[in-house]
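Please keep the sequence and the structure in view while reading.

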Amino acid sequence: MPPLPAASLSAPPLQYPLDKQLPERGSAIEVAPGVMWLRMALPFSLDHINLWLLRDRMPHPEQAGVLRDGWTIVDCGIDNPATREAWLQVESQVLQNLPVLRVLVTHMHPDHMGLAHWLCERWKAPLWISTGEFQSAMLACSGLSNFGGDPTVQFFAAHGWTRPEDLAQVRSRVTYYPGMVPKIPGAFVRLMAGDTVRIGERDWRCISGYGHSPEHMALYTDQGQILISGDMLLPSISTNVSVYAMEPDSNPLQLFLDSIARFEDLAPETLVLPSHGRPFKGVATRLAQLRQHHQDRLDELLAACTERPHSAHDALPVLFKRPLDVHQTTFAMGESVAHLNMLWLAGQLVRHRDDDGIYRFRASQS
């Protein structure tokens, strides 16, 4: 595996055009003409998600030749009473008595997908999403997900996380996804890589991304140079990239790094609208930072596995320098396996399943 491109020492810092402005609950900030920024609370350590309202105009569903003005929603928040109430405030304070014409979801994770069913039903609006994300959401909503249950417990145990009381909590998380996404709309409009979606006065190009979720769709428009990046490009944290029980030998980190290369040709002045953190400029700088971050973690893991074999659980202190609770450890374990799998599939590590049933990785030359 060749080294990832290193971050340039001369790369300019990220710019935050809105400085420290944040939308208040139930209100919005216009970040570009016809593009509104909403912010909804999340009950996690990552305590918010950014959502977007785009002024739109679409054919009237019941009147031939008539166009309706309204809004496209991009991402929805989780389904809980507080988020529903926040959307009702948005309806009264932001929508200007115009309807929601469609609901577009970048990917199936609960903070993005949770309220899609409610918003689509409330406004009789179609869901726009990629097929991979729609089908994964349907499976997860039915309880067949990567977030908990016996398959996830067995997967984590095989990678060294064996503490019974922790795994009991993981087993109980089988309801984690449907608890925040209780229902999925029954039909959707497919988004595909390279598609152009006309929203209002702008054409938005779909940019697919892998590694973080099955078929994530970001949106970019040349008209104003705006990127709605979803979770693929965040300004201050690295996107979770995990291996899951359903695809235990996958290489999502390589997929993620390959995917973010699709943002390289965007203009330096592109305004990035991320799902978490503040809108920023500096795509090239952020890409370099992310590549350097993962190269550093890969180098540290390779050095650790040269000293002695490591399971993914053994590797957690190498990758994460802070204490982790059980919820955080579920994500950290997926990330640990992702980094180990990338080195293993590149031939730099050898993987063995030892007599105790745990996979351990060692450097191929040791």
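On a 1 Å grid over the protein atoms alone, a pocket is an open set of points with protein on both sides within 12 Å along at least five of seven lines, whereas a cavity is a set where a 1.4 Å probe fits but cannot get out; lining residues have an atom within 4 Å of a point. Grid points are joined across faces, edges and corners, and a volume is the space filled by probe spheres set on the points. The model is predicted, with local features requiring pLDDT of at least 70 and side-chain atom pairs counted only at pLDDT 80 or more, while totals for chains, interfaces and linings use all residues. Residues are numbered from 1 along each chain as its sequence is written, and side-chain values use heavy atoms, with hydrogens and water left out.

The secondary structure of the chain consists of 11 helices and 15 strands; these are DSSP runs (helices H or I, at least four residues; strands E, at least two) numbered from the N terminus. The C-alpha trace spans about 70 × 50 × 35 Å along its principal axes. For 366 residues a compact globule would have a radius of gyration near 21 Å, and the chain agrees because its own value is 21 Å. This radius is taken over C-alpha atoms, and the globule rule is 2.2 Å times the number of residues to the power 0.38.

The largest pocket holds about 950 Å³ of space. Its lining comprises 35 residues, and Leu46, Ile237, Ser238, Asn240 and Phe331 lie nearest its centre. Helix α11 gives the largest share of this lining, six residues. By class the lining has 16 nonpolar, 13 polar and six charged residues, where Ala, Val, Leu, Ile, Met, Phe, Trp, Tyr, Cys and Pro count as nonpolar, Asp, Glu, Lys and Arg as charged, and the others, Gly among them, as polar.

Helix α11 (residues 326-345) also packs with α8 (residues 252-260), at an angle of about 85° and with the axes 7 Å apart. The two helices are therefore roughly perpendicular. Axes are lines fitted to C-alpha atoms, for helices over the stretch in contact, and angles run from 0 to 180 degrees between N-to-C directions; under 35 degrees counts as roughly parallel, over 145 as roughly antiparallel, 65 to 115 as roughly perpendicular and the rest as oblique. Pro252, Leu253, Gln254 and Leu257 of α8 meet Ala338, His339 and Met342 of α11, contact meaning heavy atoms within 4.5 Å.

Helix α9 packs with α11 at about 75°, with the axes 10 Å apart. This makes α9 roughly perpendicular to α11. Here His294, Arg297, Leu298, Leu301, Leu302 and Cys305 in α9 meet His339, Leu340, Met342 and Leu343 in α11.

Helix α3 provides the largest share, four residues. This lining divides into seven nonpolar, no polar and two charged residues.
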